[in-house]
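Please load the model in a viewer and keep the selection panel at hand.

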Amino acid sequence: MQLIGMLDSPYVRRVAITLKRLAIPFEHKSLSVFRDFDTFSQINPIVKAPTLVTDDGVVLVDSTLILQYIEGISAQSLMPETAKPEALRLIGLALMACDKTVQIVYERTLRPAEKQYQPWLERVAKQLHAAYGQLEQMAHTFTCDSLLQPEITIAVAWRFTQLYTADVITLAEYPQLAAFSAQAETLPEFLSTPVE
Ligand SMILES: N[C@@H](CCC(=O)N[C@@H](CS)C(=O)NCC(=O)O)C(=O)O
């Protein structure tokens with residue numbers, strides 16, 4: 001199977017780290033949704049990262065659906081059976097943090113400065129803080145000993161937010177998340193899947 005998209009996308013990175021964690025071989029094509037639009041569109045005309053092309057040539061999008069497919073074919077799961085609603089809540093918060101970070105990045109980088117809309121940026125920043133605030137409250141329970149999907153997605157989300165919007169979400173405000181993420185980034189699956 002082929003995983004298409006750059007590792008600075010948290011959605012691509014969570015899929016790549018999960019594949020490594022489950023020891024599933026894959027080919028990674030590091031195409032940018034912006035700089036490589038035409039090449040990307042030949043694989044997937046929607047140009048969305050991650051894109052997964054299965055061994056049968058089926059083109060999948062959306063990291064959560066891709067992970068569902070991967071767990072299905074491998075008969076392994078990184079979803080904790082106990083406390084599943086809580087695990088889904090944590091993954092949802094981390095994915096919303098990714099979405100809100102992406103919105104800030106696109107507003108700042110894709111719009112000309114004079115067209116950026118400050119009230120929208122403020123709203124999104126508030127939502128981003130709400131997501132990380134709830135994650136910080138739970139961060140004392142996160143562990144790298146048994147790295148499951150909530151931990152993978154939370155650590156990946158934090159690294160992404162720090163890479164692009166460290167001015168909005170500071171380390172000082174979320175010390176436990178920062179410490180957990182720093183620890184996760186030393187794991188082999190993370191080290192071998194660096195943000196580009
Ligand atoms: N919910 C999706 C979000 C994927 C997403 O927004 N990816 C970004 C890259 S970080 C993308 O494809 N951006 C290009 C676009 O939306 O046109 C997922 O979990 O895969």
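Leaving aside its neighbours within four places in sequence, with which residues is threonine 161 in contact? The model to be inspected is a predicted one, and this question provides the starting point.

**Stop 1: threonine 161**

Select threonine 161, which is placed in helix H6. Once neighbours within four places in sequence are set aside, its contacts are Ala97, Thr101, Leu128, Tyr132, Ala166 and Ile169. Display the side chain of tyrosine 132 next: a polar contact of 2.7 Å joins it to the side chain of threonine 161. Is threonine 161 buried or exposed? Threonine 161 counts as buried because its relative accessibility is 0%, and the cut-off for that class is under 20%.

**Stop 2: arginine 108 and aspartate 167**

Move on to arginine 108 and aspartate 167, which form a salt bridge whose closest N and O atoms are 2.6 Å apart. This pair ties together distant parts of the chain, 59 residues apart: arginine 108 belongs to helix H4, while aspartate 167 sits in the loop between helix H6 (149-165) and helix H7 (175-184). With a relative accessible area of 33%, arginine 108 is partly exposed. Aspartate 167, at 52% relative accessibility, counts as exposed.

**Stop 3**

Arginine 89 is partly exposed at 31% relative accessibility, and glutamate 86 is partly exposed with a relative accessible area of 28%.

Then select lysine 84 and glutamate 81, whose side chains also meet in a salt bridge, at 4.0 Å from N to O. Lysine 84 counts as partly exposed because its relative accessibility is 32%. Glutamate 81, by contrast, is exposed, with a relative accessible area of 62%. A search of the whole structure finds six salt bridges.

**Stop 4: glutamine 76**

Select glutamine 76, in the loop between H3 and helix H4 (84-110). Which residues does glutamine 76 contact, leaving aside neighbours within four places in sequence? They are Leu22 and Glu71. Leucine 22 is 54 residues away from glutamine 76 along the chain, yet their C-alpha atoms are separated by 7.3 Å. To see how the two residues meet, display the backbone oxygen of leucine 22, which the side chain of glutamine 76 reaches at 3.2 Å. Glutamine 76 itself is partly exposed, at 33% relative accessibility.

**Stop 5: the two domains**

Now colour the chain by domain. The domain assignment gives domain 1 (2-73) and domain 2 (84-191). Into their contact go 13 residues from domain 1 and 19 residues from domain 2. The C-alpha centres of the two domains lie 21 Å apart.

How much area do domain 1 and domain 2 bury between them? The figure is about 1,500 Å², with 59% of it on carbon and sulfur atoms. Select Arg13, Arg14 and Arg21 to see the residues that supply 38% of the area domain 1 buries against domain 2, more than any other three residues.

**Stop 6: across the interface**

Zoom in on arginine 21 and glutamate 189, whose side chains meet in a salt bridge at 2.8 Å, N to O. Across the interface of domain 1 and domain 2, two salt bridges are found. Eight residue pairs are in polar contact across this interface, with both residues at pLDDT 80 or more.

Finally, select helix H1 (10-21) and helix H3 (63-74), the elements that give two or more residues to the side of domain 1 that touches domain 2. H1 gives the most to that side, with eight residues. Colouring this side of domain 1 by residue class gives five nonpolar, three polar and five charged residues.

Notes:
Residues are numbered from 1 along each chain as its sequence is written. This is a predicted model: local features need pLDDT of at least 70, side-chain atom pairs count only at pLDDT 80 or more; totals for chains, interfaces and linings use all residues. Side-chain values use heavy atoms; hydrogens and water are left out. Domain bounds come from an automatic or database domain assignment. Contact means heavy atoms within 4.5 Å. Buried area is the accessible area (1.4 Å probe) that two parts lose on being put together, summed over both. A polar contact is a pair of N or O atoms within 3.5 Å; within protein, one must be able to donate a hydrogen and the other to accept it, and residues adjacent in sequence count only if both atoms are side-chain atoms. Helices (H or I, at least four residues) and strands (E, at least two) are DSSP runs, numbered from the N terminus. Ala, Val, Leu, Ile, Met, Phe, Trp, Tyr, Cys and Pro count as nonpolar, Asp, Glu, Lys and Arg as charged, and the others, Gly among them, as polar. Buried means under 20% relative accessible area, exposed over 50%, partly exposed in between (1.4 Å probe, protein chains only).
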